[in-house]
Amino acid sequence: MDARVAGAPEHLTGGILSGPVDGPARTAAQYPHREATPGLRVLHRASGFTGDLVALDGDDLVLRGHTGLEKRYRNLPGTFAVDGTPTHLVPVRAPSSEDDPRRVADGVRTASGSRAVVGARARVARGSRIWVEGVHDAELVERVWGDDLRVEGIVVERLDGADHLADEVRAFSPGPGQRLGVLLDHLVAGSKEARLAAAVRDPDVLVTGTPYVDVWQAVKPAALGIRAWPAVPRDEDWKTGVCRRLGWGDPRDGWRRVLGSVDSYADLEVPLLRAVEELIDFVTAGGGG
């Protein structure tokens with residue numbers, strides 16, 4: 001809830017970012033204007049909440065997070081940031097024949113649930129990156145979040161195993177304009193992955209993950225027409241054991257079946273959705289491009 005000062009003029013209320021000593025006009029002039037286009041990825045700087053812009057409603061801005069939660073904030077100059085830059089969000093001007101053909105498609109969403117931008121070109125890659133453990137993780141992220149990542153200019157790279165994560169992070173040299181997000185499987189207390197994550201703590205590095213042995217388990221069984229993922233003994237290769245028990249052939253055949261069953265975020269389990277959305281928010285909030 002915004003802090004309010006009894007008796008103060010309306011333009012001097014609204015939280016720690018409001019109340020310039022020499023008036024709002026000068027403050028507004030200090031920040032670049034950005035049209036409040038629905039679907040724009042916006043950071044509320046005071047709270048850290050990031051979401052898709054739903055509407056500029058009078059003096060308020062409405063944002064929707066990845067879970068569908070909508071929040072309303074006072075739209076004061078510099079209150080929000082876009083692509084890491086503090087911004088003054090202003091109403092969208094009336095379209096003309098010379099306008100950029102890119103637009104948010106009304107009612108059309110990407111596989112991740114974000115509003116689709118018609119005609120959007122891939123942004124030049126930022127310095128920030130998202131790392132995943134293997135090719136299946138990368139292909140699943142691409143299938144659901146690929147459109148969003150291209151618009152944001154975020155490249156997803158494979159680690160091909162996380163055993164040397166600390167060395168890779170040091171070589172990457174993360175910083176404010178070059179943030180790093182890492183997605184790990186089986187990130188649970190006491191696991192090898194948890195120890196690897198603890199070894200790379202850094203303000204510009206975020207490690208998230210899921211409790212699953214393999215990213216296959218992040219796909220809902222119902223999407224595949226099965227009741228549950230089969231239990232596989234620890235001394236048996238998990239993918240091979242799953243395919244044997246479900247009659248899917250070898251792991252290559254199994255993966256084609258798993259990936260082909262995913263049409264959107266609705267086919268994925270919440271832990272993976274949360275982990276990837278947190279990484280995207282983290283690396284895009286750091287600027288770097």
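**View 1. Strands S3 and S4 pair side by side in an antiparallel fashion.** Strand S3 (residues 50-57) and strand S4 (residues 60-64) run antiparallel and are joined by five bridges. Strands here are DSSP runs of E with at least two residues, helices are runs of H or I with at least four, and both are numbered from the N terminus. Two strands pair if DSSP finds at least two bridges between them. A word on the model: it is predicted, so local features need pLDDT of at least 70 and side-chain atom pairs count only at pLDDT 80 or more, while totals for chains, interfaces and linings use all residues. Residues are numbered from 1 along each chain as its sequence is written, and side-chain values use heavy atoms, with hydrogens and water left out.

**View 2. Seven strands make up an open sheet with mixed pairing.** Reading across, the order is S1-S7-S6-S2-S3-S4-S5. S1 and strand S5 (70-74) stand at the edges with a single partner strand each, so one side of each has no neighbour in the sheet. On average, neighbouring strands of this sheet are turned by 55 degrees against each other, direction ignored. For this angle, axes are lines fitted to C-alpha atoms, for helices over the stretch in contact, and angles between N-to-C directions run from 0 to 180 degrees.

**View 3. Strand S7 pairs with S1 and with S6.** Strand S1 (residues 33-35) runs parallel to strand S7 (residues 85-90), with three bridges joining them. Here Glu 35 has Val 90 in S7 as its bridge partner. Strand S6 (residues 80-82) runs antiparallel to S7, again through three bridges, and Val 82 stands opposite Thr 85. Two residues lie between the strands of the S6 and S7 hairpin, where Asp 83 takes a positive phi near 55 degrees.

**View 4. An open sheet of four strands has parallel pairing.** Its order is S11-S10-S12-S13. Which strands stand at the edges? They are strand S11 (155-158) and strand S13 (205-209), each with a single partner strand, so one side of each is left without a neighbour in the sheet. From one strand to the next, the twist averages 25 degrees. Strand S12 (residues 180-184) and S13 run parallel and are joined by five bridges; look for Gly 181 opposite Leu 206 in S13.

**View 5. Helices H2 and H8 meet at a right-handed crossing.** The axes of H2 (residues 135-152) and H8 (residues 270-285) come within 12 Å and cross at roughly 20 degrees. That makes H2 roughly parallel to H8, a label for angles under 35 degrees. The residues of H2 that meet H8 include Leu 140, Trp 145 and Leu 149, and their counterparts in H8 include Leu 273, Val 276 and Ile 280. Contact means heavy atoms within 4.5 Å.

**View 6. Pro 230 lies in the loop between helix H5 (221-224) and H6.** At 17% relative accessibility, Pro 230 counts as buried, meaning under 20% relative accessible area (1.4 Å probe, protein chains only), with exposed over 50% and partly exposed in between. Not counting residues up to four places away in sequence, Pro 230 touches Trp 238, Val 242, Arg 245 and Leu 246. The C-alpha atoms of Pro 230 and Arg 245 are separated by 7.1 Å. In helix H6 (residues 238-246), Trp 238, Gly 241, Val 242 and Cys 243 are buried, and their cover includes helix H7 (251-260).

Key. Angles under 35 degrees count as roughly parallel, over 145 as roughly antiparallel, 65 to 115 as roughly perpendicular and the rest as oblique. A crossing is left-handed if the near helix is turned anticlockwise from the far one by less than a right angle, and right-handed if clockwise.
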